[in-house]
Amino acid sequence: MKDNRIDCKSVWQEYQKDLTYKNSIDLFEKTKKHHNFFLGNQWEGLNAPDLEKPVLNFVKRVVNYLISVLMVNDVGISIKSNEVDEQLLTATEKEIELVNENTKFKSKLRNIIKNTAIDGDGIIYVRYNPESKNIESEIIYNTNIVFGDSCSSEIDKQPYIILVKNIGKEIFEQQYPNIDENTNYNSEKNEETVTVLLRLYKKNGTVHFVQCTENNMLIDETDTGQKEYPIAFMNWENVRDSYHGMGAVETIIPNQIIVNKLWAMALLYQKNNAFPKIFIDKTKLDKWNSSPGAVMGVIGNPNDAVATSFKAQDMASQLMSIVEKTIVYTKDFMGANDAVLGNVSPTNTSAIVALQKSAIAPLELQKLSLYQFVEDYARIVYDIIKTHYGVRMTDIGEVQDYLDFRNLGENTKLTVEIGPSEYWSESTQIQTMDNLFTKGIITDALVYLENLPDRVLPNKTKIIEAIKENSEIYNQDFTQEEQEEEYEVM
């Protein structure tokens, strides 16, 4: 009979197999290089001590813009089911919102979008902590995840998923004092580390896991009871037959390199040729002394020319034009033109909004991927609540009550509503309100003011109150005048 038990050796072999795959696509070096270019460390490894190394870092500018476009402003969760009590569904929605706040999901989502744009992959791992009885989440880098099927990026179809964590030797020995394990030297952190593997897999319809090192099993097979893999995953651009995607940074690094090189050569030319060269007649003057009032001996008549100056030709203007056009074209092709980056005066809001919308059109696929990522995350949290929360005291409006979250149905419909944070949304709102008011569709000044963004009119509340007070006084005076006129008629 075949033994289906999972041991540490087989898990380690799966990890080594994925390392071979990652090295074949040069993932580790690419990831390091992409992050260096984003941070501005763009001359690493160049041996040219006499060359100036300027950095015109438009990579970071573009990536920050992409983050601002894709970043969601709000995430709303609504749950509907015909077989679950409405009170329980409402409480579950509030619990998911509470998990988002406690885990700082929105802040983590910003970093995940950045990782996706730079590395090509965005990953979050969600787990239930039985000690604190809370849900926790952790950002995972693409170098620390292993898919059982390296040709597919679909989470549900994976035979297993391995999360890799390198723990410092001292910390590992404190957590596992009786385990002797091989260590690896981490040159970046300058410390010895132990590689710990968490293998997730499905068995009998639920997610199981084991945790181990190369030689020791740390946690034996454990059934989480959950139906879904506790990992949400997205690519920036899908790559055929690979679960790792390609980020936005990889495509613009060659342009960044040529800009830096041309700028460096321009600086070198100016450094060497900006000031006139002085030539001396060696038959009349042995050496030149530029100190004021210095005495120099000459041979022959000192009135004869002993020195002259020479200025090199100015650098070709085409060089700077190429640098500027390379930057402009790169940002345009990435959708980060001057209008969306805020480098134009907003004198014509409608035109700016049109430019902004046309610029972000190529990012619609990334937006859809992000929305699916957030939805997958919400479903994981829902699955954990249903599996692990049990009976809990929950706030329902102004009332506290005990609810059994195990009663959440299997066929519950989970709807995730995501509100995008549009770059010029405030300007669009102002322009729309102006048009409605100008055309007479809105005639009430209070309605107009109440729908203006708060940041545009800081004293909006006081202005509205003043208008209301004046309106009440006017109505009272008008009513009194009407009564007096009626009395006179009578």
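What share of the 490 residues of the protein count as buried? In this predicted model, 38% of them do, where buried denotes under 20% relative accessible area, exposed over 50% and partly exposed in between (1.4 Å probe, protein chains only). Residues are numbered from 1 along each chain as its sequence is written. Because the model is predicted, local features need pLDDT of at least 70 and side-chain atom pairs count only at pLDDT 80 or more, whereas totals for chains, interfaces and linings use all residues; side-chain values use heavy atoms, with hydrogens and water left out.

The protein has 13 helices and 15 strands; these are DSSP runs, numbered from the N terminus (helices H or I, at least four residues; strands E, at least two). Among the contacts with a separation of 6 or more, 65% come from residues 24 or more positions apart, a contact being heavy atoms within 4.5 Å.

An open sheet is formed by three strands in the order β3-β2-β10, with antiparallel pairing; two strands pair if DSSP finds at least two bridges between them. Its edge strands, β3 (134-140) and β10 (231-235), each pair on one side only. Neighbouring strands of the sheet are turned by 15° against each other on average, direction ignored. Axes are lines fitted to C-alpha atoms, for helices over the stretch in contact, and angles run from 0 to 180 degrees between N-to-C directions.

Strand β2 (residues 121-129) is joined to β10 by five bridges, and Y125 stands opposite I231 in β10. Seven bridges link β2 to β3, where I124 faces I139 across the pairing. The two strands β2 and β3 make a hairpin with four residues between them, and K133 in the turn has a positive phi of about 60°. Seven of the nine residues of β2 are buried, so this strand is largely enclosed by the rest of the structure.

Helix α10 (residues 364-389) lies across β2, β3 and β10 and runs at about 10° to β2. The 15 residues of α5 (residues 105-119) reach 20 Å from the first C-alpha to the last, close to the 21 Å expected; the expected span is 1.5 Å times one less than the number of residues. Buried positions in α5 include F105, L109, I112, I113 and T116. Just after α5, G120 adopts a positive phi of about 105°.

The structure holds zero disulfides, a disulfide being a pair of cysteine sulfur atoms within 2.5 Å. For C212, the closest cysteine sulfur is that of C8, at 5.7 Å, which is too far for a bond. C212 is buried, with a relative accessible area of 0%, whereas C151 is partly exposed at 46%. T213 lies in the loop between β8 (206-212) and β9 (217-223). T213 counts as buried because its relative accessibility is 0%. Not counting residues up to four places away in sequence, T213 touches C8, W12, F172, E181, V194, T195, V196 and L218.
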